[in-house]
Amino acid sequence: MPTPHPDRIVIGAGFTGLLHAYLALSKGESVLVLEKADRGGGLIRSVPTEYGIVETAANGILNCRELELLSSKLGLDILVADPAAKRRFIFTRGKPRRIPLTFFEAVSLAYKAFTVPSKPLEGESVLHWGKRVLGESAAEKLLEPALGGIYAGDLDTMSAELVLGKFFQLNQPTWKNLKHYASENTSKPVKTRRGTVSFRGGIGSLVAALEARVKKEGKIKYEEEIGSLKQLRGKYPRAKITLATNLSSSLKLLRAEFSELKVYQGMLQTLPVVSVTRFGKDSILGTGKGFGILFPKDHKTYSSEMGIRVRGILFNNFIFPGRSVNGINSETYIYGGAGDREIATKSEAEIISIVEEDRKKIFPESSSPLNHYVTIWKDALPEYSPQLLSFNRDLDRILPEDLRVEGNFRYGIGLKSIIERAFAQHSL
């Protein structure tokens, strides 16, 4: 039961905050969560509609040992992606292709993978790393769409150390680094399910289960605005604090507490993301199935082939069963990021028009949609820049033992990274 003097205060009831609150409760701590909104979950919601489930943020999580343990303790059954949906496509030369490289480009990539040292250099951008380690064609046709789709950033300003450092730790060629990374992860108990996973009711089911458990065993106060960490310490002098808000909110509180962090005001940027789930009767892939399509962007103009604006498309009903009503296709179109901040300022009608224009370019036979569901996040993702790397290193250096700062800006942007880091923080 919650006590008037909690052992731990968690600021923020998004996915990160709820996860850390739950893990602290699991260790026997009393926990109070403070959330400024009138509900928990942050960006993540799974909304049931007449045509199927709409995910407002992530549609799946890369499975890991920690997620298996968490799901089991919460009584949730993991939903594995359909094997037929493993095929991923990159749009190049006028159509979606599983292998976007030419034969000679593929041979060049293989040669570099066995010969070129792949550990990121100090201050190196992801784009420079890609051209140096993979070659220009592979950087443009593979690395840019893959990381651009995940981080929504400009590869020319993204830090290779921050984004790629944990995968390429040795000053050795790519194949040796990947082998080293794989060997480190196989030291953990082998998980039974691989790849992207979800839950019957969507990712929101995981958030709802965490929120319900934290409410039951701890306490959540909604519509609670935190003025300062100093003020919070005065009210709860014995409590440890976990700050689990977005980058902008975290920086605001931390600048007031640590003068050396004031330099980061204006240096750390966040990126907008717009997602549109479209329900219709036909599929871009025709009679085929797949996970999704990524669209390479030119790192200078941010333009893509055929003037297509979308960054990526996910085929929801192919990935997980039960994502749409029988016979209906569910596709999620993802826009925004460093090269398209403007999209977040447009109306829903304008965004829907852009979706339909893009779909016609990709699939000229496109039929009329049944409905669209638009989600606009103006500060969704942190820009993984050298400044963010420096910020994280400063946090590691100056934070006292009774204060933790967590979120999608702390060395990993995906839910898998947040889960693994949280379990490590709580020594579970």
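## Domains and helix pairs in a predicted model

The C-alpha centres of domain 1 and domain 2 lie 31 Å apart. The model is a predicted one. Domain 1 is made of residues 8-44, 202-267 and 384-426, and domain 2 covers residues 100-184. Where the two domains touch, domain 1 contributes 11 residues and domain 2 contributes 10 residues.

The size of an interface is often stated as the accessible area that is lost when the parts come together. Between domain 1 and domain 2, about 840 Å² is buried, and 62% of it is on carbon and sulfur atoms. On the side of domain 1, Tyr384, Leu389 and Ile413 supply 59% of the area buried against domain 2, more than any other three residues.

| Helix pair | Distance between axes | Angle | Crossing |
|---|---|---|---|
| H10 (residues 247-257) and H13 (residues 386-398) | within 14 Å | roughly 45° | left-handed |
| H2 (residues 65-74) and H8 (residues 204-217) | within 10 Å | roughly 60° | left-handed |
| H4 (residues 126-133) and H5 (residues 136-151) | 8 Å | about 140° | right-handed |

**H10 and H13.** The axes of these helices cross at roughly 45°, which makes H10 oblique to H13. On H10, the contact is made by Leu247, Leu251 and Leu254, and on H13 by Leu388, Phe391 and Leu395. What classes of residue are found in the contact of H10 with H13? There are 6 nonpolar residues, no polar ones and no charged ones.

**H2 and H8.** With axes that cross at roughly 60°, H2 and H8 are oblique to each other. H2 brings Leu67, Leu70, Lys73 and Leu74 to the contact, while H8 brings Leu206, Ala209, Leu210 and Arg213. Sorted by class, the contact of H2 with H8 has 6 nonpolar residues, no polar residues and 2 charged residues.

**H4 and H5.** These two helices pack at an angle of about 140°. Val126, Trp129, Gly130 and Lys131 of H4 meet Glu136, Ala139, Leu143 and Leu147 of H5. The contact of H4 with H5 divides into 5 nonpolar residues, 1 polar residue and 2 charged residues.

How values were computed: Residues numbered from 1 in each chain as written. Predicted model: local features only at pLDDT ≥ 70, side-chain atom pairs only at ≥ 80, totals over all residues. Heavy atoms only, no water. Axes fitted to C-alpha atoms, helices over the stretch in contact; angles between N-to-C directions. Helix = DSSP H or I, 4+ residues; strand = E, 2+ residues; numbered from the N terminus. Parallel < 35°, antiparallel > 145°, perpendicular 65-115°, else oblique. Left-handed = near helix turned anticlockwise from the far one by under 90°. Contact = heavy atoms within 4.5 Å. Nonpolar A, V, L, I, M, F, W, Y, C, P; charged D, E, K, R; others polar. Domains from an automatic or database assignment. Buried area = accessible area lost by both parts, 1.4 Å probe.
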